[in-house]
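Hi everyone, thanks for making time. I'd like to walk you through a structure, and please have it open while I talk.

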Amino acid sequence: MQTVAGLLRLYVYHMKMGISSAMIYRADFITGVFVSIFVSGIGPFVQFLYFTHSRGYPEWTLNQILLFQGLLLLWFGLRDLLFGQVRNTVMDMVWKGDFDRLLLKPYPTVGLLLCSGFQLHGIGSCIAGVLVTVLAFHRLDVSINLWTVPLLIVALICGVVLFMAITIFYCSIVIMLIQISRISELFDRITDFANYPVNIYPLALRVVMIVFLPFAVWTYYPTQILLDRLDYGIWFALAGCVGVFYLSIKVWYLCLKMYTSAGG
Amino acid sequence: MRIFLKSIHIALKVNLAYPRDYLISLVIHPFILILNIHLFTSIYAYSEVSHIKGYSLSQMIWYYGATTFVWIFIFNFTDRRMSNYILTGELGLRLLRPVSLFQYEMANAIALRIVGILFEFIPGMVIYSLIYSPNFLTIASLLKFFAVVALAFVLNYVLNFIIGVTAFITQNNAGFKRLLGAVTTLLGGAMIPLDFFPGWLQTVCDYLPFKYLFYEPVRFFINHGDISTAEAFYRVIFIDIAWIAALYIIAKIAWKLMLKNVVVAGG
């Protein structure tokens with residue numbers, strides 16, 4: 001418990017540092033936020049174009065997809081805010097040989113890495129996500145029942161846990177392979193599958209995305225909760241998140257054992 | 001010219017030092033293709049149509065594959081590198097070299113793309129073709145694609161150089177870089193074919209250079225019916241060259257203006 005409290009304090013400290021650092025290049029930061037809002041708007045715009053020139057995806061109307069896109073952007077923003085910096089930090093530390101210093105600190109190394117993840121630039125996607133979600137809410141007339149909010153909170157927590165797990169896998173690969181800068185792109189392409197409703201994929205892929213790599217918990221299930229058409233698959237997805245996180249910790253410690261110092 | 005070629009040679013050696021970075025594309029590309037296969041198969045099947053906006057299912061799936069290939073041909077880090085020169089104070093050293101920064105960065109970009117074509121485009125093309133056959137592809141369309149994408153490389157380089165010059169004012173030009181990236185991908189047709197845009201937005205795109213970075217090269221690659229004539233090909237080549245010339249003049253003027261105010265510091 002003391003460790004978790006210490007890590008949280010460290011996270012807040014990193015957060016303050018991140019904000020100060022972003023404010024040094026204020027013009028760049030403000031430009032970045034506006035660009036981020038603009039970039040975030042591209043996804044919903046593209047979906048809108050697809051829906052106006054075709055019938056779109058099975059079982060989804062334009063407004064439902066708008067809600068999906070809003071939650072997706074919100075998730076992107078949250079993810080970047082919380083852990084957006086981890087990839088750069090670990091890559092940079094391993095390349096320069098600074099990673100070894102983390103091993104001497106009185107906290108779990110993976111915890112220290114995750115604590116350095118705050119990235120203020122994620123705020124742009126969050127703003128865009130809120131705007132699109134509010135618009136979709138307005139057009140859909142979503143009804144919120146007793147279970148909606150608790151389920152959304154559980155889905156959010158599990159989503160964060162899953163993303164932490166994926167980030168830990170990433171860190172494990174980086175400390176083992178050292179010099180592969182594009183590993184980040186590989187992770188992005190794999191997680192791109194979460195950017196579309198799970199039901200457009202064939203059954204096998206659907207099972208993977210719900211049970212084994214439960215990306216569905218990030219946007220698909222939160223949207224289904226709000227649209228009141230939840231299926232029992234969510235319980236597999238939530239359990240899957242915990243399972244993947246457990247596995248990531250195991251892999252991390254295995255890789256840490258095999259880690260040989262690098263840098264220079 | 002000798003110095004320029006030597007610069008390419010050196011940059012080529014540097015870029016070839018880490019071939020694993022390029023080879024990872026062989027793993028990345030199939031994911032992109034598989035995602036698009038499922039996405040568009042679902043849309044086409046649900047809409048019960050064989051063509052959407054003049055694109056068959058295979059052309060639409062390959063549209064995004066070809067966009068990835070265009071990235072391989074045109075991508076460079078010039079904007080980021082120029083910003084780093086300012087932030088680290090390295091700009092002073094660069095200015096003392098017997099080759100202009102424009103040429104030096106161009107050499108680096110060419111070397112980077114040669115390695116990209118060898119390790120990403122060629123194997124990627126083979127893998128893509130094995131997963132989803134490009135039944136529309138002809139030798140003529142491929143050759144036209146190479147010609148148009150070569151000009152797209154130069155166009156993108158000049159655009160990136162202009163963004164690099166903005167670092168003289170902002171030091172860190174990441175914001176501008178992202179802005180150009182966003183505008184390029186959307187208005188250049190990398191996110192969705194421009195045919196899907198409303199008429200007024202298509203007209204806006206006609207007056208901007210970005211469609212010559214992605215949309216036009218990709219249409220030659222997928223052998224879209226609209227550009228099958230020689231006239232269409234020469235028109236694109238001509239406009240491409242005109243944009244490169246205009247942006248080159250802008251880059252030169254911006255460079256001269258900014259260089260007067262540059263303060264070399266860093267650390």
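Chain B has 12 helices and 2 strands. Here helices are DSSP runs of H or I with at least four residues, strands are runs of E with at least two, and both are numbered from the N terminus. Going along the sequence, the pattern of chain B reads α-α-α-β-β-α-α-α-α-α-α-α-α-α. Its radius of gyration is 20 Å, close to the 18 Å that the globule rule gives for 267 residues, so chain B is as compact as a globular protein of that length. That radius is taken over C-alpha atoms, and the rule is 2.2 Å times the number of residues to the power 0.38.

A quick note on what you're looking at: this is a predicted model, where local features need pLDDT of at least 70 and side-chain atom pairs count only at pLDDT 80 or more, while totals for chains, interfaces and linings use all residues. Residues are numbered from 1 along each chain as its sequence is written, and chains are lettered from A and ligands numbered from 1 in the order in which they are written.

Back to chain B. Its C-alpha atoms fill a box of roughly 60 × 40 × 35 Å along the principal axes. Buried residues are 42% of the 267; buried means 20 or more other C-beta atoms within 10 Å of a residue's own, exposed means 12 or fewer, and partly exposed is in between, with C-beta atoms placed from the backbone. Take the contacts in chain B with a separation of 6 or more: 83% of them join residues 24 or more positions apart. A contact, by the way, is two C-beta atoms, placed from the backbone, within 7 Å.

Now, how do the two chains meet? In chain A, 33 residues are in contact with 30 residues of chain B. On the chain A side, helix H2 (26-53) and helix H9 (183-191) each supply at least two residues, and H2(A) gives the most, with 12. That side divides into 20 nonpolar, 7 polar and 6 charged residues. Nonpolar covers Ala, Val, Leu, Ile, Met, Phe, Trp, Tyr, Cys and Pro; charged is Asp, Glu, Lys and Arg; the others, Gly among them, are polar.

Let's zoom in on one pair. H2(A) packs against helix H9 of chain B (residues 174-187) at an angle of about 20°, axes 8 Å apart. The axes are lines fitted to C-alpha atoms, for helices over the stretch in contact, and angles run from 0 to 180 degrees between N-to-C directions. That makes H2(A) roughly parallel to H9(B), a label for angles under 35 degrees. Residues making this contact include A:Val35, A:Phe38 and A:Ile42 from H2(A), and B:Phe176, B:Leu179 and B:Leu186 from H9(B). By class, the contact has 9 nonpolar, 3 polar and 2 charged residues.

A:Glu59 is exposed, with 11 other C-beta atoms within 10 Å. In chain B, look at B:Glu48, which also isn't a glycine and has a positive phi of about 55°. B:Glu48 lies in the loop between helix H3 (25-47) and strand E1 (51-52), and counts as exposed with 8 C-beta neighbours inside 10 Å.

Key: Angles under 35 degrees count as roughly parallel, over 145 as roughly antiparallel, 65 to 115 as roughly perpendicular and the rest as oblique.
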